[in-house]
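Try each task before you read its solution.

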Amino acid sequence: MDIDGREERTPTIDETLTPIIVATDFGTTFSSVAYARREEGMLPDVKIIDNYPNEPSHYTNGHPSRQVPTESWYPNEPTLEEESRSPTPIQDYFPQRVSNGNIYDAESDDQGDIYDGPKDEEPAIPQPSSPPKLRSFVWGYGIQTEINEDMDHNKFNRIARSKLWLDKSEHTASVRAELDPILRRLKRKKVIKENEDVIADYLTRLFMHTKAQLKEEGVISDATPIEHVLTVPAIWTADACRKMQRSMAIAIEQAKFGAVENLFLVSEPEAAATYVLSQCRKGNAITHGEASLLLDAGGGTVDATTYRVDNESPLRLSKELVPPDGCLKGSSFLNEAFKKHLRQRLAGEEDDIETDGFTVTGIIEKVALNFEYSMKRGIDVTGKVPPQHIMIKGLQENSQKRFKDNRVLMDRSDFIQIFHPCLQEIKKLMRSQLISAKHAGHDVKKVVLIGGFGTSRSLQSYLREALREISRSFRYRGEIHLITTKDLERNDPYASLEVAVSYGAVLRAWDKEDGPARITKSSYGFEIMEEYNPTKHPEHLEAKKKYTDKLDGMVYVRRVIEWHVCKGEFVPTHMEYSLPSVYRIFAATKLTFICEENLWVSDSDVQSHYQITHKKNKGAELAGTIKADMTPLVKSGKIQLTHPEEGYEGAPHYRIEFELVMIINGRNLRFEARWPRGGEVQGSTQICIAAAFRPGTD
């Protein structure tokens with residue numbers, strides 16, 4: 001994809017080869033990738049990427065993990081050890097920046113305002129930032145190999161829960177506030193250009209690993225067509241989807257792993273529901289017309305969405321029956337509560353335990369790994385909890401603090417204190433969604449619990465008891481059934497709730513028919529200049545500035561947007577929009593004649609003929625740019641010199657008139673400049689517009 005107007009470098013694809021669907025679930029705390037060959041006339045044989053670098057097999061019982069932590073570290077300065085063990089050139093650690101068309105200043109607090117530079121100048125397109133100095137970029141499980149009791153955390157910029165940065169809702173404000181100073185620091189050091197670059201960097205490494213495994217197993221070659229699928233939260237705005245799409249585009253290009261064209265978006269709840277319905281045992285299946293609540297308990301957020309099954313084969317869900325909701329109480333907050341608990345317990349013990357370079361922070365981070373991969377998954381705080389001993393070297397026995405030599409004792413009351421805030425908030429979320437559904441006339445009798453946190457014994461037991469209470473309060477004859485891991489078939493070795501979203505996304509992408517109508521959530525338009533004519537265009541009366549061109553003597557309004565695809569409209573799969581008469585004026589003394597044309601996108605209700613800086617276009621973003629070199633046409637005499645008419649002001653000039661065309665092709669938009677009208681293409685680019693539609697739209 002060419003986002004900033006430069007020519008794309010697409011590897012040669014052999015369309016005769018069997019395509020492969022690759023579905024990515026970029027999760028808040030863990031990510032996964034599923035894939036399947038698109039064999040004709042066959043059901044998909046879905047497999048999951050595993051064998052991630054530095055995977056802690058002692059935490060996964062020796063089995064390859066099918067998901068990888070969504071976390072990365074950018075060290076402030078390299079150490080000699082890090083430099084000596086760097087196995088690859090720096091470009092493998094930090095992908096070369098690819099401009100995403102955003103024209104905002106890197107240090108701006110407000111990413112939503114449009115460029116408002118000199119009114120008579122075209123907006124500047126940022127160039128890729130120069131490669132940063134050598135330093136090791138660590139991602140996924142590689143971070144855990146770096147965690148030691150004596151590590152200095154000030155040397156690292158930790159990026160965690162970066163997905164929540166794209167969610168501008170109130171309940172993610174605290175996480176975004178934690179990320180903000182780190183992102184600013186990375187910008188100052190010119191390690192990243194845009195905030196979403198940290199997502200692109202992570203995805204680049206994820207795709208590099210995925211590509212390497214698929215090639216090693218003989219699944220793909222460099223020429224294999226790749227059909228990328230991306231899952232997104234149901235509550236995400238078009239802007240959030242677009243930023244995530246840009247990160248995907250950069251990562252796909254950097255990893256040389258196919259192309260972003262025709263990217264297919266699937267909502268996470270729909271992907272998960274597709275997986276669950278394909279795996280449910282008889283008696284637990286959700287049938288046509290039945291409403292169910294999907295509770296996606298991940299590492300960062302817990303999302304609740306209520307659907308009705310409109311079609312079983314292929315599975316198609318209704319729109320949300322009630323507004324979806326969520327809370328910031330995923331399983332990673334259990335980790336934070338565990339660390340806080342230990343920090344409070346260890347206060348005053350620094351002299352005994354901070355030896356040999358160990359720090360309290362390093363000790364707690366190391367111990368927290370065992371809590372993450374073992375302890376919290378097996379504990380059920382609603383029942384009996386055997387005493388747990390946390391090993392802390394140097395700790396002295398203290399019965400009042402419940403310390404043994406080198407050990408901290410934790411019992412059920414400690415774990416209830418850690419788990420209860422999350423469990424209580426998730427129960428509140430589930431109850432609220434069920435009540436809203438009932439008030440809307442939908443009796444929900446099944447709650448599907450998915451996500452990594454969904455495998456927690458504590459959460460399952462707590463929600464089952466909560467559903468008994470809710471069923472009694474609703475006066476249901478039977479109880480609302482909680483569908484969990486044990487309710488799924490065991491005949492697929494790759495099936496598990498932890499990878500339900502990526503697995504289900506492959507199933508959903510396998511058959512795209514009968515999806516949502518192609519109603520666009522975004523508007524797309526050309527940036528042009530118009531002759532000042534307030535009679536024809538009353539919008540010109542609100543222009544901040546108009547100017548008289550010294551070459552042709554006409555009065556113009558610059559930087560006006562002519563919107564062609566408007567939010568809320570039905571957009572056919574194939575459609576061409578034309579602006580037949582666009583022109584630029586060049587002095588006769590010019591040596592080159594390059595027309596630089598911009599395409600804009602907005603998620604607001606828009607109206608044509610207003611300048612970009614007008615409040616009607618607030619929030620509009622640059623979507624793409626083309627440069628049409630008309631110099632050969634002028635030099636060959638095909639475009640003639642224009643002289644001002646006798647009695648009119650002006651000077652000899654070239655008036656280059658051409659056609660701008662916007663071509664919709666599925667989930668792609670091609671932007672062309674043609675001369676003459678209907679003639680040869682003088683400049684073009686293509687962008688993916690999957691984010692402009694409801695997820696699941698073909």
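**Exercise 1.** What does the accessible surface of the protein come to, and what share belongs to carbon and sulfur atoms?

Solution. The model is predicted: local features need pLDDT of at least 70, side-chain atom pairs count only at pLDDT 80 or more, and totals for chains, interfaces and linings use all residues. Residues are numbered from 1 along each chain as its sequence is written, and side-chain values use heavy atoms, without hydrogens and water. The accessible surface is about 30600 Å² (Shrake-Rupley method, 1.4 Å probe). Carbon and sulfur atoms hold 48% of that surface.

**Exercise 2.** Find the angle at which helices H7 and H13 pack.

Solution. Helices are DSSP runs (H or I) of at least four residues, strands (E) of at least two, numbered from the N terminus. H7 spans residues 268-279 and H13 spans 500-510. Their angle is about 85 degrees, and their axes lie 7 Å apart. Axes are lines fitted to C-alpha atoms over the stretch in contact (heavy atoms within 4.5 Å), and angles run from 0 to 180 degrees between N-to-C directions. H7 is therefore roughly perpendicular to H13 (65 to 115 degrees).

**Exercise 3.** Locate the partners of the salt bridge between glutamate 227 and lysine 512, and decide whether each is buried or exposed.

Solution. A salt bridge puts a side-chain nitrogen of Lys or Arg within 4 Å of a carboxyl oxygen of Asp or Glu. Here the closest N and O atoms are 2.4 Å apart. Glutamate 227 sits in strand E8, lysine 512 in the loop between H13 and strand E19. The partners are 285 residues apart. Buried means under 20% relative accessible area, exposed over 50%, partly exposed in between (1.4 Å probe, protein chains only). Glutamate 227 has 16%, so it is buried. Lysine 512 has 13%, so it is buried.

How values were computed:
Parallel < 35°, antiparallel > 145°, perpendicular 65-115°, else oblique.
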